[in-house]
Amino acid sequence: MALCDEIKLLLGPFDDGELEPHEMEDVALHVVGCDSCNSALDDLRQLGVALRDATVMPSLTGFAADVQTRIAKMRTPFGVRMRGYLSEFNQRLAAGIAIGAATAASAVVTLVVVSHFIPDLRHLPIASSNPISSSNPVAPSSLSQPEDLARSTQSEQPQQVARAVSMPSAATPASAVNSEDLTGGIDGGRTAARNDVRTVIKRLEADSPDVAVWDEPHDDTTVIWVPDQP
Amino acid sequence: MPSKLLSESSRPETDETELIQRARRGDRKAFGALVERYQRRVVGVALAVVHNQDDALELAQETFVRAYENLNKFESRSSFSTWLYRIAANIAIDFRRREGRHVVLRGEDAESEFDRLPDTRSDSFAETARAQLNRRLTEALRQLTPEHRAVILLREVEGLSYDEISDVLQCPRGTVMSRLHYARTRLRTILKDLGEG
């Protein structure tokens, strides 16, 4: 049975489904009609079942963990390390660029906002010391000339409140005078200062009849009262 | 006909591709997922060649370690599973060559192997016959060369196709077919002799 000998060579691939379609058909047709080949095919199939039955797969519990343990102990391959470094570098670079961009944007916004207010800062009022004070004695030498004072009082705006100027009394002894109120020498210029004050008062009274001058004995000062200007 | 357990067509390839790429970048969790996916089959391939459970487990671990070291060399020309099985087969074959022995069990080894066979103390006649057949089959497999044993076990137990076996064992398809035919014929003869003996 030459045909059976040829067919029996093909029974294995036939059972495995590895023949060409026309070969599968030829073998199938022969096997159906041949007890010998049919029996041989049956033996092949039983052998396969027995082999699968006899092969015992070992337990795989913990297998994956053991593999990971071995891998963890070994040095990471150079290529893998380089890829890891490059990946990490790229991530950090991206983060750095993002932070830098955010910082730059914040700085620009801050500059824009502040620049709008910088010119305004120049117009803020500067606190200045008013030489004319109701409570502080005024140094005679710091007083302007009587004409200037009259002019200044006359030139003041009507709404300006009348100011009372206290100054040391012309008769006040030198000791009563606050040395800090006098400029350009104290001892040597006190007499001259007193004379200057009397001169100023006389001129004020002569030039501005509305100006009132009186002495305050309790604090040893002379008050010059200038009325409001219309 | 055994089901094709190694069919990858139902698996989402994009998922595996992503795992491989992440593993290449040093993501060990991703590689762990690949290990869990293919551990059973890799052990099966190693077992088909060495026919010893302890050796098969050790060789399978070595396979995954080798794969991790050489992930950069994996190209998409073949499937990842085939690439893994090829590593496993090469390692197992090298192991057998180093050992320079067939799986001839003596003394303690024989006892440990037979202990793994089904319990013969069952009252069922079928169970007894089955256990007896298993013993005879194990003995018959030992008498095959490693190459013939690997081919028939990869086909019958692991369900690899002829092309996959050819790829894994790095031999032509025709060689796979001839070795398979020889192994089957030889086993049938051995079993018949063992049965008569």
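Of the contacts in chain A with a separation of 6 or more, what percentage comes from residues 24 or more positions apart? The share is 63%, where a contact means heavy atoms within 4.5 Å. In chain B, 65% of the contacts between residues at least 6 apart in sequence join residues at least 24 apart.

A word on the ground rules. This is a predicted model, so local features need pLDDT of at least 70 and side-chain atom pairs count only at pLDDT 80 or more, while totals for chains, interfaces and linings use all residues. Residues are numbered from 1 along each chain as its sequence is written, chains are lettered from A and ligands numbered from 1 in the order in which they are written, and side-chain values use heavy atoms, with hydrogens and water left out.

**The two chains**

Helices (H or I, at least four residues) and strands (E, at least two) are DSSP runs, numbered from the N terminus. On that basis chain A has seven helices and three strands, and its pattern along the sequence reads α-α-α-α-α-α-β-α-β-β. Chain B has nine helices and zero strands. Buried here means under 20% relative accessible area, exposed over 50%, and partly exposed in between (1.4 Å probe, protein chains only). Accessible areas come from the Shrake-Rupley method with a 1.4 Å probe; for residues, only the protein chains shown count as cover.

| Chain | Residues | Buried share | Accessible surface | Carbon and sulfur share of surface |
|---|---|---|---|---|
| Chain A | 230 residues | 30% | about 14800 Å² | 58% |
| Chain B | 197 residues | 49% | about 9900 Å² | 45% |

**Nonpolar cores**

In soluble globular proteins, nonpolar side chains tend to be buried together. A nonpolar core is a set of buried Ala, Val, Leu, Ile, Met, Phe, Trp, Tyr and Cys residues joined through side-chain atoms within 4.5 Å. The largest one holds 68 residues, and F31(B), F64(B), F80(B), I152(B) and L169(B) touch the most other members. Helix 2 (residues 28–50) of chain B gives this core its largest share, 13 residues.

Take F64(B): leaving aside neighbours within four places in sequence, its contacts include F63(A) and V67(A) in chain A, and F31(B), Y38(B) and L84(B) in chain B. There is also a second, separate core of twelve residues, and among them are C4(A), I7(A), V27(A) and C34(A).

**Around L47(B)**

L47(B) sits in helix 2 of chain B. With a relative accessible area of 7%, L47(B) is buried. Not counting residues up to four places away in sequence, L47(B) touches T55(A), V56(A) and P58(A) on one chain, plus N52(B), Q53(B), A56(B) and L153(B) on the other. A60(B) is 13 residues from L47(B) along the chain, and their C-alpha atoms are separated by 8.9 Å.

H51(B) is not a glycine, yet its phi is positive, about 55°. H51(B) counts as buried, at 13% relative accessibility. Another positive phi in a residue other than glycine belongs to Q170(B), near 55°. Q170(B) is in the loop between helix 8 (162–169) and helix 9 (173–196) of chain B. At 52% relative accessibility, Q170(B) counts as exposed.

**Helix 6 of chain B**

The expected span of a helix is 1.5 Å times one less than its number of residues. For the 18 residues of helix 6 (residues 125–142) of chain B that gives 26 Å, and the end C-alpha atoms are 26 Å apart, so the two agree. Its buried residues are A131(B), N134(B), L137(B), T138(B), A140(B), L141(B) and R142(B). An α-helix has 3.6 residues a turn, so residues three or four places apart point the same way.

T138(B) counts as buried because its relative accessibility is 8%. Its side chain reaches the backbone oxygen of N134(B) at 2.8 Å.

**Cysteines**

How many disulfides are there over all chains? The count is zero, with a disulfide taken as a pair of cysteine sulfur atoms within 2.5 Å. For C37(A), the closest cysteine sulfur is in C34(A), and at 3.6 Å that is too far for a bond. C37(A) counts as buried, at 0% relative accessibility. C171(B) is buried too, with a relative accessible area of 10%.

Note on methods
A polar contact is a pair of N or O atoms within 3.5 Å; within protein, one must be able to donate a hydrogen and the other to accept it, and residues adjacent in sequence count only if both atoms are side-chain atoms.
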